[in-house]
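Work through the exercises below with the sequence and the 3D structure at hand. Each task is followed by a solution in steps.

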Amino acid sequence: MRVGVPRALLFHHYGDCWISFLEALGVEAVLSEPTSGDTVNAGVLHADNETCLPVKVFSGHLMELKDEVDVILVPRVISQGYGTCSCPKFLGLPDMARSLAPGLPPVLSPAMDLGDRRFLWVRDWYKVGRTLGRGRFTSAAAVRSLLDSLRRHDAESGCESRDGGALSVGVAGHFYNVNDPHVSLRLVERLEGMGASALTIEQSSEREARRHAAALPRKVYWGFEQRLAGAVLHWSRTASVSGIIFLTSFACGPGSFIGALLEDELAREGSVPFMTITLDEHSAEAGLVTRLEAFTDMLRRVPRGSRTFAVPERGAGL
Amino acid sequence: MRVSTPRMGNLPLIVEDLACRFGIDYIEPPVFSEETVRIGASLAPEFACLPLKAVVGTFVQALEAGADTLLMGGGSGPCRFGYYAEIQRRILEKEGYRFKLIILDPPSTSLKAAYSGLRSIVPPDVARFGTLVRELRRALAKVVVFDEIEKWGLALKGREAEPGSVERAAEEACSVTAAAFTGKEIRRARREVQQLFENVGLDDDRQCLRIGVVGEIFVVLEPYFNFDIGNWLGKRGVVVERSVHIADTAYPGGRNPVFGYDERQVARAAAPYLTHEVGGDGLLSVGATAIFARRGFDAVIHFLPFTCMPEVIAKSVLARVSEEMGIPVLSLTIDEQTGRAGVETRLEALLDLARSKRRRETIPLEGRFSTSPTGDLSLRGGSQPP
């Protein structure tokens, strides 16, 4: 039995947990290759043309796995934390995967509702074990290993908070964009090549992020965006970065709102410079490099903490 | 306090009724125009969905017209609608407007937030708790009647013998309903409305196509953005049924009294294709398409605003529904740039497709159709006002 796992979307969050579950079940987990130009092209061809870039990339990974595996694992991540929900695209992802192309292998879609304190969703994973022909004991053990690796995952993430030296840039974006070198056009590497150190959301303190997000006048209800907004506000209020790059993808729903929210909040507070970079399947390196260079040059001019930014004048415009 | 709200379908009628009940100074928001959309698109974030931009435009115009309090719906996801109010507040404040924005959260988000939102426009000295509940129940019963007028109008427009008779009936029905306030008056108004529609002369020989309209509530309900799809199809002899109504959205317990299928039935119909709630009207679009297909409709039109998250899911799933259930589905993405001609061309192509499909399947379908031209569109049965 070969179970395919697309290396896309929330694999960048929970991939190791899923793999450890499959290993405990004793089935062979087949990961798709890292994203390449062909992956994106295949995704653009098969996915609905209005979905966001990461979903297209996901579709590309799925098409690559199509002929190699017996079943595909696409967990339905319902929430990533208590009191939050996921982007609708994650909620409908398995169903979207099923209608992607004819002749796809069966899609297994156990739910993953990390905000559920009763852990009712683990039943789905147990059933996956049984569907794959494993016994009760093995399935239960696999579920236990999934929960263990999730706990480790929680413990590891979000406790590191380092100061990145003189010129540090906060890169606020989804893991599946930032951590995928093909999609993000090696943005983090490029920043470091320009002499800046990049701080990602992973390296921000989860506790601080939660504190700042809770202080917003209206709660951000998407799990990851809540973390992102909190982390950006933390960076800006403690001036732990010189500038922030908000990396979003074309047609990203929550991104369009969170971008507007942060832009407004940071402008009101008059703190660090904020730049939005929108990725799509046509993004080219040259355009990105030019913007990064301009941004880092601007940050170099004025040392951190000494700048005063004019809040946009009220009543202007229209 | 001069209150204004967004505009969508017959929402202004409903708000006017509520304003009358609670003695609120209500400014009707201006009708949508190119100017509204231009203002909205220039202020709102680029990738925000069309309803947000349209409502920002409406709010700016309402504030210019003298409103000082804005009412907006809330929610807690996963659709972006729940965060509209916050983004709109920030946009308008940045533009220098002074106003108060009241967010009406649905009770499902938080009972407390819903009640306090309500109480900030209807303070206890205007209406005690009992009065508030009673008036809201009556208002809801009235919303159902308003939506039924729309529903019956769409069902009969394509079959009217004399052009314009349905429109006249609907106008009269609306004014009859608008004048009803107590439960008894509303029940009587509903009977009168039903009579008005039953008196409309129908052309029974006409071969009507039956088309379902599904999609995101704002673009489906607002004639400015769907290019008045109901009338456009009606003029071409099409019987139309819609899946979304304001009353169904507002009704507690997911009963959908106007659409006629409750949430569980919709979810069951959608289950082979979409097994989880995706926010907004995504699940309803898929479920309603499956229901329409099962009932032998000729085609389904799916409206969605550009980048609408739930409907994009629905759109990619609908491709499979269409294939497996053999019903043509046309997804129309609407944004501030969408032109009338492009939409009409595609609708005409859909009508041609539906007609030729009907002709190919002449023997079974024509027989069924001529024996029961009304199908399940009859005015009897249906919902009862609470």
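**Exercise 1. The sheet of chain B**

Task: Find in which order the four strands of the open sheet in chain B stand, and whether the pairing is parallel or antiparallel.

Solution. Step 1: The order is S6-S5-S7-S8 (chain B), and the pairing is parallel. Strands and helices here are DSSP runs, numbered from the N terminus, with at least two residues (E) for a strand and at least four (H or I) for a helix. Two strands pair if DSSP finds at least two bridges between them.

Step 1: Strand S6 (238-242) and strand S8 (329-334) of chain B each have a single partner strand, so these two are the edges and one side of each has no neighbour in the sheet.

Step 2: On average, neighbouring strands of this sheet are turned by 25° against each other, direction ignored. Axes for such angles are lines fitted to C-alpha atoms, for helices over the stretch in contact, and angles run from 0 to 180 degrees between N-to-C directions.

Step 3: The parallel strands S5(B) and S6(B) are joined by five bridges. Arg210(B) has Val239(B) in S6(B) opposite.

Step 4: Helix H15 (residues 340-360) of chain B packs on the sheet and touches S5, strand S7 (299-305) and S8 of chain B. The direction of H15 makes about 170° with that of S8(B).

A note on the model: this is a predicted model, where local features need pLDDT of at least 70 and side-chain atom pairs count only at pLDDT 80 or more, while totals for chains, interfaces and linings use all residues. Residues are numbered from 1 along each chain as its sequence is written, and chains are lettered from A and ligands numbered from 1 in the order in which they are written.

**Exercise 2. One side of a helix**

Task: State which residues of helix H12 (residues 263-270) of chain B are buried, and which helix they pack against.

Solution. Step 1: A residue is buried if 20 or more other C-beta atoms lie within 10 Å of its own, exposed if 12 or fewer, and partly exposed in between, with C-beta atoms placed from the backbone. In H12 of chain B, Val266(B), Ala269(B) and Ala270(B) are buried.

Step 1: These residues lie on the same side of H12(B), because they cover an arc of only 95° around the axis. The arc is that of the directions from the helix axis to the C-beta atoms. An α-helix has 3.6 residues a turn, so residues three or four places apart point the same way.

Step 2: The buried residues of H12(B) pack against helix H13 (282-294) of chain B.

**Exercise 3. Two residues compared with the cut-offs**

Solution. Step 1: Asp204(B) sits in the loop between helix H8 (183-198) and strand S5 (209-215) of chain B.

Step 1: Glu28(A) belongs to strand S2 (residues 28-31) of chain A.

Step 2: Glu28(A) is in contact with Met1(A), Arg2(A) and Val3(A), leaving aside neighbours within four places in sequence. Contact requires that the C-beta atoms of two residues, placed from the backbone, lie within 7 Å. From C-alpha to C-alpha, Glu28(A) and Arg2(A) are 4.9 Å apart in space, and 26 residues apart in sequence.

**Exercise 4. Domains and chains**

Task: Describe how the domains of chain B meet, then how the chains meet.

Solution. Step 1: Chain B is divided into domain 1 (2-127) and domain 2 (204-371); such bounds come from an automatic or database domain assignment. Their centres, taken over C-alpha atoms, are separated by 28 Å.

Step 1: In chain B, 18 residues of domain 1 are in contact with 18 residues of domain 2. On the domain 1 side, helix H1 (11-22), helix H2 (34-43) and helix H3 (50-64) of chain B each supply at least two residues. H3(B) gives the largest share of that side, three residues.

Step 2: The contact between the chains takes 31 residues from chain A and 35 residues from chain B. H14(B) gives the most to the chain B side, with nine residues.
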